[in-house]
Amino acid sequence: MVPLLGGLGGVNVMARSIANGLGVASAITTSGELRFGTCLLNPPSGYALGDLELGKRFVSDLLSGEPVRIEGEAPWLERAQLPEDPQAELTIHVGCALREPAPHELLIYPRSVLVAVSEITAELAMRVRSALHDASIAEQSLACLLTSEEQMANAQLHQAASELGVPVRFDKAGSASEMASRCVPQRLPPLSVDDMAIAVATQPLDVQNIGRGRGRLAVIGLGPGAADLMVPAVKAELARANDVLGYETYVRMAGPFRADQVLHCTDNREEMLRARHAFELAAQGRSVVVVSSGDPGVFAM
């Protein structure tokens, strides 16, 4: 038995994943999840909890036998075994509105909001927060930032995204409102705020299907040759790669690979072709690895 602590931090999901990989059963001991079939304090991907401490008291009341009603749409809650009652005092509210929780209320935010920006400044994170606040939208509902492809290497943009804790996606050039309208299906046009546009979707956003991400190109070396001597940084790059390029012998030595990873094997004398192809793939937003034997600083191409 391997004990894992932190049911409120996603450990139960990890335990199930490990157990599934090993072909064994996971022993979940989180009382709320055992009773209701879901952990309200650790919502699934696409949702964010409003306040953990208030949530603990809320779940404690549920465990003591109090019924609950649900406001808003959240399919994962519909599948839970919650003691629902439309007249209940305890309320789970699912929505992106900015407000304080009422007594006996648990706020859960769908990550259904995108902010498109056309002008990048050092104060971008502060400006995004201010725009969301003025629109009465909770920051917890922010799923990603969107901007034009020309800004892909902008350090201020990536710093702002890091401060906000969200990814950045890229679209062809246009006004903030045009980019938001192209990338997010909405019932209403995006809300324009200066050089930004706020788009609110009806469901949590699948960020990977919005525009495209920033590409990545890494040149790695196999080291002495044996798989167990490959350094951890190289293994990490191979694990995150969408595409792997190189002389076929070297690429095969870098495996095994997942079914979703694309191998581009070429002859040993096609270095320029391989380099161009690697840059083209990375420019499409893909994570690319070029495999070298030995030291990549010497034998990279």
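Figure 1. Asp267 is partly exposed, with a relative accessible area of 34%, where buried means under 20% relative accessible area, exposed over 50%, and partly exposed in between (1.4 Å probe, protein chains only). Arg269 is exposed at 70%, and its side chain forms a salt bridge with Asp267, the closest N and O atoms being 3.7 Å apart; a salt bridge is here a side-chain nitrogen of Lys or Arg within 4 Å of a carboxyl oxygen of Asp or Glu. This is a predicted model, in which local features need pLDDT of at least 70 and side-chain atom pairs count only at pLDDT 80 or more, while totals for chains, interfaces and linings use all residues. Residues are numbered from 1 along each chain as its sequence is written, and side-chain values use heavy atoms, with hydrogens and water left out.

**Figure 2. Close-up of Lys56 and Glu53.** The side chains of Lys56 and Glu53 meet in a salt bridge, 3.4 Å from N to O. Because the two residues lie 3 apart in helix 3 (residues 52–63), they are separated by about one helical turn; helices (H or I, at least four residues) and strands (E, at least two) are DSSP runs, numbered from the N terminus. Lys56 is partly exposed at 35% relative accessibility, and Glu53 is likewise partly exposed, at 47%.

**Figure 3. Close-up of Arg286 and Asp243.** A salt bridge of 2.4 Å, N to O, joins the side chains of Arg286 and Asp243. This pair links distant parts of the chain, 43 residues apart, with Arg286 in the loop between helix 10 (271–283) and strand 13 (287–292) and Asp243 in strand 11 (residues 243–247). Arg286 is partly exposed, at 27%, whereas Asp243 is buried, at 2% relative accessibility.
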